[in-house]
Amino acid sequence: MEKPWLSALSSFIEASKPAEIPIADLQQHGLAAQVLHNLQYQHDWTELQVHTQSPIDKRPLPKPLVSGLPPHRIYVHPDEQIEMLKQNLQEKDIPVEREWVLPTHLREKWSLRKFAQVFDAIIEMPSAAREDGQGMPKDGADTKEIRSRRGGKRLLLATAGDDSTVVYYVVHDGIVKPRQN
């Protein structure tokens, strides 16, 4: 019997699936691959990777996370915004930062406790080093070093719908000073 034709997204998800994985985890990895595909081909992100282990203690994450470099800064902290205005800098003059992305489905129910579990398992800024130990951050920083940035931990909540539309929301761990307009 001939295999049915697969779309580019289905082929990408099929190719990225781990060899031995329980069925329940397979859906989560498929969702992560869908979001990674969306970031790479629709939003021009680079250096994308899927994380399944906490960078803090190497325990399994509550859900697979994606990290990568967006084409421009996703969020500018209000204090940075003030400094940029004083120095007459534009957002394009500020280097991009690696971002965490939490792939979710529209039907998933999220609570503060679930978000807290994810935030407790990550560091402020993802490392460019892969979980298998290959690859190093471009800035030469030690992969175990906890890197910090203004505003604390944050991630992009990527919510996928049944029609494969993905929307993104910035979520912070805790209260953050509001932006100046």
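## Leu61 and strand β2

Leu61 lies in strand β2; helices (H or I, at least four residues) and strands (E, at least two) are DSSP runs, numbered from the N terminus. The model is a predicted one, in which local features need pLDDT of at least 70 and side-chain atom pairs count only at pLDDT 80 or more, while totals for chains, interfaces and linings use all residues. Residues are numbered from 1 along each chain as its sequence is written, and side-chain values use heavy atoms, with hydrogens and water left out.

With a relative accessibility of 10%, Leu61 counts as buried (buried is under 20% relative accessible area, exposed over 50%, partly exposed in between, with a 1.4 Å probe and protein chains only). Beyond its neighbours within four places in sequence, Leu61 is in contact (heavy atoms within 4.5 Å) with His51, Thr52, Gln53, Ser54, Ala121 and Ile122. Leu61 and Val118 are 57 residues apart in sequence, yet their C-alpha atoms are 7.1 Å apart. Strand β2 is mostly covered, with eight of its ten residues buried.

Strands β1 and β2 pair in the antiparallel sense over five bridges; two strands pair if DSSP finds at least two bridges between them. Pro60 in β2 is the bridge partner of Gln53. The hairpin of β1 and β2 has six residues between the strands, and in this hairpin Lys58 takes a positive phi near 65°.

β2 also pairs with β3, in the antiparallel sense, over three bridges. Here Ser67 stands opposite Trp100 in β3.

Ser54 is found in the loop between β1 (46-53) and β2 (60-69). Its relative accessibility is 3%, so Ser54 counts as buried. A polar atom of the Ser54 side chain lies 3.1 Å from the backbone nitrogen of Ile56. A polar contact is a pair of N or O atoms within 3.5 Å; within protein, one must be able to donate a hydrogen and the other to accept it, and residues adjacent in sequence count only if both atoms are side-chain atoms. Neighbours within four places in sequence aside, Ser54 is in contact with Arg59, Leu61 and Ala121.

Asp120 belongs to helix α4 (residues 112-120). The relative accessible area of Asp120 is 59%, so this residue is exposed. Asp120 and Ser54 are separated by 66 residues in sequence and by 9.0 Å in space, C-alpha to C-alpha. Not counting residues up to four places away in sequence, Asp120 touches Ile56 and Lys153.

Strand β4 (residues 154-160) is mostly covered, as seven of its seven residues are buried. Both faces are covered: Arg154, Leu156, Ala158 and Ala160 are buried on one side, and Leu155, Leu157 and Thr159 on the other.

β4 runs parallel to β3 (residues 99-105), to which five bridges join it. On the other strand pairing, β4 and β5 (residues 166-172) are antiparallel over seven bridges. Thr159 takes part in both: it is the bridge partner of Thr104 and stands opposite Val167 in β5. The β4 and β5 hairpin has five residues between the strands, and Ser164 takes a positive phi near 70° there.

## Aromatic pair

The count of aromatic pairs comes to one. Rings of Phe, Tyr and Trp (its six-membered ring) pair if their centres lie within 6.5 Å; planes under 30 degrees apart count as stacked, over 60 as edge-to-face and the rest as tilted. The ring centres of Trp110 and Phe115 are 4.9 Å apart and the planes are at 35°, so the pair is tilted.

Trp110 is partly exposed at 23% relative accessibility, whereas Phe115 is buried at 16%. Lys114 lies over the face of Trp110, 5.1 Å from the ring centre; a charge sits over a ring if NZ of Lys or CZ of Arg is within 6 Å of the ring centre and within 35 degrees of the ring normal.

## Overall make-up and confidence

The protein has four helices and five strands, in the order α-α-β-β-α-β-α-β-β from the N terminus. Of its 181 residues, 39% count as buried. Among contacts with a separation of 6 or more, 64% are between residues 24 or more positions apart.

The mean pLDDT (the predictor's confidence in each residue, from 0 to 100) is 80, and 73% of residues reach 70 or more. Over residues 134-148 pLDDT stays under 50, and the model has 21 contacts beyond four places in sequence for them. Where pLDDT is low, the predicted coordinates should not be read in detail.
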